[in-house]
Amino acid sequence: MGSSGFHPLDEKSLIEYIKDTPALSSKLSNHLHDLQIKEVGDGNLNFVYIVVGSSASFVIKQGLPYIRSLGESWPMTQDRSYYEAMALKEKRKWCTDHVPEVYHFDREMAVICMRYLEPPHIILRKGLIAGIEYPLLPQHMSEFMATTLFFTSLLYHTTAEHRRSVAQFCGNIELCRLTEQVVFSDPYNKTSQCNRWTSPYLDHDVEALQKDDDLKIEIAELKSLFCERSQALIHGDLHTSSVMVTQDSTQVIDPEFAFYGPIGFDVGAFLGNLFLALFAQDGHDDQGDDRRAYKKWILRTIEETWILFHRKFISLWNQHWEGGSGEAYLPEIYNSHELQHLVQKKYMEDLFHDSLGFGAAKMIRRIVGVAHVEDFESIADAQKRADCERRALEFAKMLMKERRRFHTITEIVSAIHPH
């Protein structure tokens with residue numbers, strides 16, 4: 001879609017935009033004289049404005065025709081806003097508790113207006129850096145992933161419904177291509193100009209990674225799976241900066257990379273980013289807190305998230321096995337409890353291994369690729385940062401290459417001993 005009517009909004013022009021948009025001005029009861037507007041976008045792609053009035057508040061997100069963090073030298077389709085708005089609406093249909101409501105979408109201006117997640121909501125990644133425990137996080141994230149992924153899969157869809165749904169999101173080509181480049185290609189390509197790492201401390205580690213033929217075989221398999229398998233509507237970028245939290249609320253945001261892809265890509269992205277947070281903790285300790293207890297909490301969170309996701313996903317599957325519309329496993333064919341159990345066991349084992357592989361890929365790309373994470377970047381001492389990143393990198397390489405030998409999340413968690 002062209003952007004002939006598009007212009008970037010700033011704090012001044014946003015007031016005029018709200019005034020000219022009935023859906024927004026009416027939400028503020030047309031009280032526009034005392035609006036407080038603040039630009040808070042700290043991501044790679046978009047402008048994000050918090051709009052607070054006397055009677056209501058909301059967030060305005062605008063997609064630019066390029067990657068904000070890299071400038072106009074890296075153009076980017078604004079249709080990503082369309083796919084984000086569609087994904088938010090679809091995912092909220094299945095998980096109202098953990099997806100913010102969309103109030104307005106303007107495709108020409110690439111503008112989404114949605115619920116303002118007011119303080120004390122913060123980005124989960126920032127909470128993990130600060131050492132804050134969120135006791136409901138495993139329950140909430142497993143609920144979000146299990147419901148939004150099950151109900152958009154062939155386990156619930158008819159094949160006709162599934163093909164129509166896949167077609168709705170198949171145009172999100174540029175963001176899929178971006179993922180293919182930065183996750184599955186660049187980190188393993190020594191000629192890529194996009195890669196960066198904590199040099200010189202990780203120079204030899206990166207050289208070894210880019211010479212690791214076994215790793216290259218595994219990442220090629222994962223890339224094929226990402227490109228070829230339309231398993232469910234995935235968020236596509238489910239890291240810890242795509243989640244906002246309080247002690248009793250968890251909200252998933254920013255699904256602009258959404259498309260029908262492998263379920264394990266979402267599950268792995270979230271777990272992989274928790275592992276990154278774990279390995280970064282040694283860079284955030286101090287004399288008063290060595291983060292030992294917090295690292296144990298992160299490991300418990302990883303373990304509980306997968307266990308609860310597995311349990312909830314299987315529970316939904318059992319509820320809809322007979323009498324449901326899903327056509328992946330027709331009950332007339334898979335007509336015994338023994339066969340049902342075997343089917344589910346194989347499905348979940350494959351999903352577990354997919355999740356481990358994708359999680360490892362997401363970890364590697366945040367250490368060697370173009371876009372890093374605050375977990376590590378906020379560690380001022382470069383040597384200390386590199387030590388944390390090296391441990392994460394070695395773990396991720398092992399996980400990707402040896403993922404099929406693990407059968408439970410407990411085996412993986414037990415292999416990591418906080419020190």
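Is Cys194 buried, exposed or partly exposed? In this predicted model, Cys194 counts as partly exposed, because its relative accessibility of 23% is not under the 20% that burial requires.

View 1. Cys194 takes part in no disulfide, and the nearest cysteine sulfur, which belongs to Cys227, lies 18 Å away. A pair of cysteine sulfur atoms would have to be within 2.5 Å to be counted as a disulfide, and by this rule the count comes to zero. Whereas Cys194 is partly exposed at 23% relative accessibility, Cys113 is buried, with a relative accessible area of 0%.

**View 2. Strand S7 and its pairing with strands S3 and S6.** Strand S7, which spans residues 111-114, is covered on both faces, with Val111 and Cys113 buried on one side and Ile112 and Met114 buried on the other. Strand S3 (residues 57-63) runs antiparallel to S7 and is joined to it by four bridges, and within this pairing Met114 of S7 is the bridge partner of Val59. Strand S6 (residues 102-106) also pairs with S7 in the antiparallel sense, over four bridges, and here Cys113 of S7 is the bridge partner of His104. The hairpin of S6 and S7 has four residues between the strands, and Ala110 in this hairpin takes a positive phi near 55 degrees.

**View 3. The open sheet of strands S8, S10 and S11.** Three strands form an open sheet in the order S8-S10-S11, with antiparallel pairing. Strand S8 (122-123) and strand S11 (250-252) are the edge strands, each of them pairing on one side only. S8 pairs with strand S10 (residues 243-245) in the antiparallel sense over two bridges, and Ile122 stands opposite Val245 in S10. Helix H5 (residues 137-150) packs on the sheet, where it touches S10 and S11, and its direction makes about 35 degrees with that of S11.

View 4. The side chain of Thr250 makes a polar contact of 2.8 Å with the side chain of His140. Leaving aside neighbours within four places in sequence, the residues in contact with Thr250 are Asp97, His98, Leu137, His140, Met141, Val243, Met244 and Val245.

How values were computed. Residues are numbered from 1 along each chain as its sequence is written. This is a predicted model: local features need pLDDT of at least 70, side-chain atom pairs count only at pLDDT 80 or more; totals for chains, interfaces and linings use all residues. Side-chain values use heavy atoms; hydrogens and water are left out. Two strands pair if DSSP finds at least two bridges between them. Contact means heavy atoms within 4.5 Å. Axes are lines fitted to C-alpha atoms, for helices over the stretch in contact, and angles run from 0 to 180 degrees between N-to-C directions. Buried means under 20% relative accessible area, exposed over 50%, partly exposed in between (1.4 Å probe, protein chains only). A polar contact is a pair of N or O atoms within 3.5 Å; within protein, one must be able to donate a hydrogen and the other to accept it, and residues adjacent in sequence count only if both atoms are side-chain atoms.
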